[in-house]
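Hi,

Here is the structure I promised to pass on to you.

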There are 2 protein chains.
Amino acid sequence: MNIQAVDRYIEEKLNESIEELSRLCAQPSVAAQNLGIDACADLVAERLKERGFEVQILPTEGSPVVFGERKGKMDSTLIVYDHYDVQPPEPLDLWKSPPFEPTLRDGRLYARGVADNKGNFIERLHAIDAILEAEGELPCNVKFVVEGEEEIGSVHLEPFVKAHQELLSGDVCVWEIGGVDHENTPIQMVGMRGICYVELHARTANQDIHSGTGGSIFPNAAWWLVWALSSLKDKDENILLPSFYEDVVPPTEREKELLAQGPEMMAFYKEKYDLDGFLKGINYELELAIEGVYEPTCTICGLTAGYQGEGSKTVLPAEARAKVDFRLVPNQMPEKVLSQLRAHLDAHGFEDIKIVNLGGNPPAKTDPDHPAVQMAVEAAKDVYEKPTRVIPMVGGSGPNFIFQRYLGVPIISSGAGDSETRAHAPNESISLDLYVKGAKHFARLLKLMGEYN
Amino acid sequence: MNIQAVDRYIEEKLNESIEELSRLCAQPSVAAQNLGIDACADLVAERLKERGFEVQILPTEGSPVVFGERKGKMDSTLIVYDHYDVQPPEPLDLWKSPPFEPTLRDGRLYARGVADNKGNFIERLHAIDAILEAEGELPCNVKFVVEGEEEIGSVHLEPFVKAHQELLSGDVCVWEIGGVDHENTPIQMVGMRGICYVELHARTANQDIHSGTGGSIFPNAAWWLVWALSSLKDKDENILLPSFYEDVVPPTEREKELLAQGPEMMAFYKEKYDLDGFLKGINYELELAIEGVYEPTCTICGLTAGYQGEGSKTVLPAEARAKVDFRLVPNQMPEKVLSQLRAHLDAHGFEDIKIVNLGGNPPAKTDPDHPAVQMAVEAAKDVYEKPTRVIPMVGGSGPNFIFQRYLGVPIISSGAGDSETRAHAPNESISLDLYVKGAKHFARLLKLMGEYN
């Protein structure tokens, strides 16, 4: 492959690619709010067709999956997992430019979903364009699997992948995310925690009631929920569900060794988020690294009850809701956590609190010394200034378990991410410099996949 | 006084009075949201001027107080306490007709504030119109004190009343609310609990963070608030602030005797609010009556944190807030509760949780056998079908303490309220039938005040 020609194309046609990305980001596609999903799937399909992919928009019980396949010179197949859905943009007032009006500022493109994960999708197409321009063909087969429910726990992906094992089959899967850490060291993330995301719903009366006499004699949904929540986890961060920790597998020595090679994060986090300290009295770097990814969590992501406006309103709420995510580590399974949660609430007198399952994924990891991981590290060598660091497990979650289980593939990472992306938060963005690097890395991955067996 | 002529006027001119009331209710005046306050004060002042009252709009540090005075035949003075502010109308989607578009349905007028307390204000003016039409003059002096911050705890009323003791002086004070209970028995409410309304504010970082790694290592404002709240009150409704109960004075034997004369409420409440049972295992009527008003409370009125929209968002909230009202019984004082709350939070490690004081009032009561109360009972005799029941204490709160402390007056009640008013909730309303009865009661009160000394 004429990699110099490929790199030149990636650099020279950057503006065109960013324009294409901006058009995609201008299309809202919030799975949690069922907003713009089909329109965005169509846009994604068109992007792939333009590059000569054979594209199918395949239905699921929820958002459709866009599948695109293009044959290459060799028989090996790279599966590319991306998603076209994005997190809700709220709170809107914290965005400097509107979330669905992509805006360039200081070498970064700002928009909801630009980092997670529309940017990586278009960046990969940009690399493909460069190779097709330079070589006329791809070095290996490429299959894109672009789903529309990643941000809501990929709720319908498992039956989809299970039902399409042959169509989706391949040798290596490149994950939606990738990039560099806060010291600009390229990273390979090869494991992800699982997730079990629920809404807890308390209802104590058929209507809100004046808090006068009512406060003394009627049950209060907000209190009920607060007591239920406080029974789930104590102030020392111990999660109190029955047998919650019994399936937890601690990190291997090799995984710890890899984590120990990571950069110092404590001072960085403290400054970035204006923190006084960390949970559980964490006070040295390796402890932070291990606790951050090899311990399961129970996080309140949202609370809502009663009056939330300015000033006071004396009301006894009849209804209260909490969004809670459990991050799971090998070998915890979301279905089991759901039943532990139900059992716990029942045992503590909260039988009347409803659990709405908003989706989940089991945890999964690829052997950090797998040849596919070595290939991804190799592909980064002349793109980034520093050698790649392999991260055996990250704190986030995704449906990697599904790909590993049904397709039996190792999972590697690639992308334009850095520590400033603010994925899931207001002012999400990517760096154009890292976008170029990400495209170059992806081009090299395709090249090496031509030799993979 | 030609009471037949007065009653006839009240009945015949009902529509005109309801139209006047509707105009007042169409003016939003939400103190908590600083919405329409000055415009509503002007409307109230005009209403009084039209009846020949000398009116002053007196400033405070917050909403102005409308003061109106008209001399009567005799020297005795009735002080009328009303307020022109209303509760926030939210949640708007539960209103059958818009909260600020007064609507008649099935003999009731629906609007935010129509029961609490704009209806009683206009109803009293309607009685005054009837007397002026029949007699040409009022039997006693009447002073209206119409404030604009009752629904946010009358935060500036105490210095106002203290500074205007002479201007506001009188013999008896008729309170903003009054009417009948759910069995249509007229009631005299002569005591009110106090209130201390706060917002608790937790902040753990300078921005919301992705809940992936963050959930394991960074503090979470929502959890922090949940733990702080759950430390305030246990599941058995014991409020855990230090020395919180030390100033509580139990009801007198006479007060219990009066409470025991009340109607049975348990079945009524259960059906109305679709309840399984009551707090604290309350299981007989007198217990319900006493617990409902002679025990202090700690009520969560609102909770807000993180993502509250549809579906899931994996975010670690940097900020969380709770609105909490404490209802106080004699002789608890709001300032003391505030310092108990601060001390409690500090002692439990929640020094970083901010307390925003949103206002309060101490509890206060008038002797249920006071001559003014007997007068109010007498005034109801030929208006209602049943004899009046004197209620020594109600669950709600108001600034009655201020009037008793600085003006030294007994406090009685009068009004159009019933058990269907839904004060503070969507679809607030009053009955036109009870509006007429309330006006007749008020006219008789004025008549008897002419003989009061």
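In chain B, Asp82(B) has Val146(B) of β6(B) as its bridge partner. That pair belongs with strands β3 (residues 77–83) and β6 (residues 141–147) of chain B, which run parallel and are joined by seven bridges. Strands here are DSSP runs of E of at least two residues, numbered from the N terminus, and two of them pair if DSSP finds at least two bridges between them.

Please keep in mind that this is a predicted model: local features need pLDDT of at least 70, side-chain atom pairs count only at pLDDT 80 or more, and totals for chains, interfaces and linings use all residues. Residues are numbered from 1 along each chain as its sequence is written, while chains are lettered from A and ligands numbered from 1 in the order in which they are written.

Back to the sheet: six strands of chain B form an open, mixed one in the order β1-β2-β6-β3-β7-β19. Its edge strands, β1 (54–58) and β19 (411–412) of chain B, each pair on one side only.

Now to where the chains meet. 76 residues of chain B are in contact (C-beta atoms, placed from the backbone, within 7 Å) with 75 residues of chain A. On the chain B side, strand β12 (residues 297–306) gives the largest share, nine residues. β12(B) also pairs with strand β12 (residues 297–306) of chain A, antiparallel, over five bridges. There, Thr304(A) stands opposite Thr304(B).

Enjoy exploring!

Technical notes
Helices (H or I, at least four residues) and strands (E, at least two) are DSSP runs, numbered from the N terminus. Two residues are in contact if their C-beta atoms, placed from the backbone, lie within 7 Å.
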